[in-house]
Amino acid sequence: TTLLRHREIAEFVSGAMAGAMTKAVLAPLETIRTRMVVGVGSKQIFGSFMEIMEHNGWQGLWAGNTINMIRIIPTQAIELDTFECVKWSMTSAQERWKEDSSPKIQLGGLTIELPLHLLSPIAVGGAAAGIVSTLVCHPLELCLRIA
């Protein structure tokens with residue numbers, strides 16, 4: 001559809017879908033691991049699996065996954081979108097700096113050239129993605145932990 005043709009929206013939706021699929025696929029392992037860490041039931045993976053299946057059936061493997069989905073979907077969506085946006089912006093800016101010159105700071109009679117062309121757009125994008133998703137989603141995580 002035309003709405004998903006916008007790069008940022010497509011990246012946001014892709015991040016959300018990636019997070020949801022990851023949690024959905026890995027939920028059974030998380031459920032078994034959590035039971036083993038807490039000390040509920042068997043101390044072995046197969047034993048925990050069998051106990052869950054006996055008491056709760058297949059649905060028991062995804063117990064508590066709704067909370068994980070509520071947490072991970074916005075986090076992953078924001079992370080991927082922020083990463084791609086910052087990476088793209090940095091790469092574009094670095095191309096301009098190659099043509100013109102790097103940004104400069106004027107302090108009195110002293111001019112300092114900032115060598116921002118040496119920064120990796122991937123590293124800056126990754127850092128920005130982690131910071132932004134944490135700032136936006138941390139209040140949601142706190143609410144989910146209290147609930």
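**Reading salt bridges in a predicted model**

Guide: R7 forms a salt bridge with E8, and the closest N and O atoms of the pair lie 3.4 Å apart. This is a predicted model, in which local features need pLDDT of at least 70 and side-chain atom pairs count only at pLDDT 80 or more, while totals for chains, interfaces and linings use all residues. Residues are numbered from 1 along each chain as its sequence is written, and side-chain values use heavy atoms, with hydrogens and water left out.

Visitor: What is a salt bridge, and how many does a search of the whole structure find?

Guide: Side chains of opposite charge can pair when their charged atoms come close. The term here means a side-chain nitrogen of Lys or Arg within 4 Å of a carboxyl oxygen of Asp or Glu, and searching the whole structure gives five salt bridges. One of them joins E84 and K87, at 3.4 Å from N to O. Salt bridges that share partners also link R7, E8 and E11 into one network.

Visitor: How many residues apart are R7 and E11 in helix α1?

Guide: Helices are DSSP runs (H or I, at least four residues), numbered from the N terminus. R7 and E11 are four residues apart in helix α1 (residues 7–38), so about one helical turn separates them, and the closest N and O atoms of their salt bridge are 3.3 Å apart. E84 and K87, three residues apart in helix α3 (residues 65–99), are likewise separated by about one helical turn.

Visitor: Is E11 buried or exposed?

Guide: Buried means under 20% relative accessible area, exposed over 50%, and partly exposed in between (1.4 Å probe, protein chains only). E11 is buried at 12%, whereas R7 is partly exposed at 31% and E8 is partly exposed at 34%.

Key
Helices (H or I, at least four residues) and strands (E, at least two) are DSSP runs, numbered from the N terminus.
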